[in-house]
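Here are my notes on this one, as promised. Have the viewer open while you go through them.

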Amino acid sequence: NYAYVAARDSGLRIIDISNPGMPFEAGYYVTEGHAFKVTLSGNYAYVSAGNGGLRILDISNPASISEIGSFKDAGYCYDIAITGHHAFQAARYGGICVLDISNPALPVKIDILDTQRAKELALYGNHLYVADTYGMTVFDISDPASLKNVAVI
């Protein structure tokens, strides 16, 4: 019933679309940095917020969104992909930062993989597809603590 929109300077916007003819804003949260992408997992929105890093928001009540955690150690955050209790953050200069998000309030860095300025991420099965400045790299993420590069395109 909701659309979650990363709206750059305006942060995260939650739009109630239960009646497509009359959508309305159910809630919003202005993040630190520019909100570029949003990925949902359970009651949490993981927002790629540029120089604000990764922002983790509790969206269980759209009218009262709260930030419960963040991660800025990997630098500028372009994109985020989530599977299970792991997040993969595309960072401007750090490449791919692998995080344990078992506790969303306190994400823990597992590893950083050097890529050429990772910008876009996509997950499919046990593979993470990373678009960067020079092309695409595919990683096997069966073991998030030890990603394996399986292809460079």
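1. Start with Tyr4: at 23% relative accessible area, Tyr4 is partly exposed (buried is under 20%, exposed over 50%, partly exposed in between, with a 1.4 Å probe and protein chains only). Phe36 and Tyr76 make a tilted pair, since their ring centres sit 6.0 Å apart with the planes at 40°. For the terms, rings of Phe, Tyr and Trp (its six-membered ring) pair if their centres lie within 6.5 Å; planes under 30 degrees apart are stacked, over 60 edge-to-face, the rest tilted.

2. That pair links distant parts of the chain, 40 residues apart: Phe36 is in the loop between β3 (24-29) and β4 (37-41), and Tyr76 in the loop between β7 (66-71) and β8 (77-83).

3. On the ground rules: the model is predicted, local features need pLDDT of at least 70, side-chain atom pairs need 80 or more, and totals for chains, interfaces and linings use all residues. Numbering runs from 1 along each chain as its sequence is written, and side-chain values use heavy atoms, leaving out hydrogens and water.

4. The fold has 15 strands and zero helices (DSSP runs numbered from the N terminus: E of at least two residues for strands, H or I of at least four for helices). The C-alpha trace spans about 45 × 30 × 25 Å along its principal axes.

5. Buried residues account for 41% of the 153 in the chain.
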